[in-house]
Amino acid sequence: MTNLFLRQLHLTLRCCALLIALLLPLSALADTWQLQVGAQNGDKAHQALAFLPNEIWIHSGDSITWTFQTNEVHTVTFLQPGQVRPSRFAGCPSAPSGVTPDFSVFDGTACVNSGVVSNNSMLASPPTYTVIFPVTGSFKLVCLAHPNMTATIHVLALSTPLPHDQAFYDKQANRQRADLLSDVMTSAHNHPGSNDVTAGVGHIMGNGGGTQTISVMRFMDATKVIHVGETVEWTSAEAVTNHTITFGPEPDPLNQIPPSANVTMDADGARHAFITSPSDVVHSGFITQPPQDRIGLPQAPLSVTRFRVTFTQPGVYQYKCVLHDELGMVGEIIVLR
Ligand SMILES: [Cu+2]
């Protein structure tokens with residue numbers, strides 16, 4: 001009698017344990033974490049090119065929803081380990097148009113990509129992208145539009161307690177956003193000589209989750225008044241972000257990187273163009289820093305960080321950065337006789 005009772009109790013307990021084991025993952029599946037992509041100040045000049053925050057610990061089965069906050073474009077992209085980084089236009093080679101749908105599953109075996117997203121119309125509820133993480137491991141998150149914008153997602157087994165809650169990540173996002181947007185070095189950038197324009201300032205910041213960038217998407221001293229025959233020089237003070245100096249209509253988006261045919265190279269490697277009429281079309285191509293060198297890889301060559309234009313006729317000459325004109329990165333050269 002006692003034995004039978006014990007057996008029944010044992011069976012009941014096993015059933016209960018099984019039921020609990022089945023129910024636990026179901027309740028854990030309900031966890032959706034909220035993170036941010038990018039931040040900007042009021043006039044859109046200061047852009048935090050960053051996942052906010054850029055490190056999180058979650059359980060397998062959880063999902064993360066990223067909200068895109070800025071006029072500047074970003075992507076939420078998980079590449080396979082070792083996958084060659086595609087352009088932001090190409091995205092995941094396996095997916096139609098390079099984009100995988102909202103609520104894609106990332107388990108490390110196939111690329112997941114939101115595609116290029118911005119909050120350009122400043123919607124009250126900005127666009128979001130959600131990814132589900134069923135498998136344990138630590139995964140690298142990248143933005144295909146910005147090389148030094150990375151994050152780490154730690155996916156832990158259900159039995160492992162999580163170190164932080166959503167309130168912690170909200171606080172961290174606010175602190176990282178404030179730190180990036182108030183970066184003293186970019187705000188207090190020195191203004192150079194009378195015919196010199198600084199074409200963007202940007203710094204990379206590192207932390208345990210990866211790298212974040214703060215960029216000022218502006219020409220400093222964008223308006224110049226000069227005389228016929230003088231030369232204006234634009235210099236990039238950007239760590240990573242590309243800019244252009246473009247007079248006249250924008251080239252096709254896929255043809256923005258090279259300069260227009262009327263741009264030559266000076267002896268010191270800077271690009272140079274002559275403008276003889278306000279209707280001239282001149283495009284600097286990307287002025288940018290070369291990528292950082294890494295042990296075991298061929299050294300990256302120097303890149304072009306300066307662009308010079310000599311003006312031979314009086315007039316008013318408007319220019320812009322084709323990548324960031326919508327954020328207000330425009331200027332004007334007034335040439336007097
Ligand atoms: Cu730009």
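1. Copper site. The copper ion has three named donor atoms, ND1 of His243, SG of Cys321 and ND1 of His324, at 1.9 to 2.1 Å. The model is predicted, and the distances at the copper ion, 1.9 to 2.1 Å, should be read as computed values from that model.

2. Burial at the site. Both Cys321 and His324 are buried. For Cys321 the relative accessibility is 0%, so this residue falls in the buried class, for which the cut-off is under 20% relative accessible area.

3. Disulfide. The structure has 1 disulfide. The bond joins Cys92 to Cys111, with 2.0 Å between the sulfur atoms. This pair connects distant parts of the chain, 19 residues apart. Cys92 sits in the loop between β5 (77–78) and β6 (104–105), and Cys111 lies in the loop between β6 and β7 (112–113).

4. The torsion about the S-S bond between Cys92 and Cys111 is -75 degrees, and the link is left-handed. Cys92 is buried, and Cys111 is buried too.

5. Is Cys143 buried or exposed? Cys143 counts as buried because its relative accessibility is 0%, and the class takes residues under 20%.

How values were computed: Residues numbered from 1 in each chain as written. Predicted model: local features only at pLDDT ≥ 70, side-chain atom pairs only at ≥ 80, totals over all residues. Heavy atoms only, no water. Donors = N, O, S within 2.8 Å, 3.2 Å for Na, K, Ca; no water. Buried < 20%, exposed > 50% of the residue type's maximum accessible area, 1.4 Å probe, protein only. Disulfide = S-S within 2.5 Å. Helix = DSSP H or I, 4+ residues; strand = E, 2+ residues; numbered from the N terminus.
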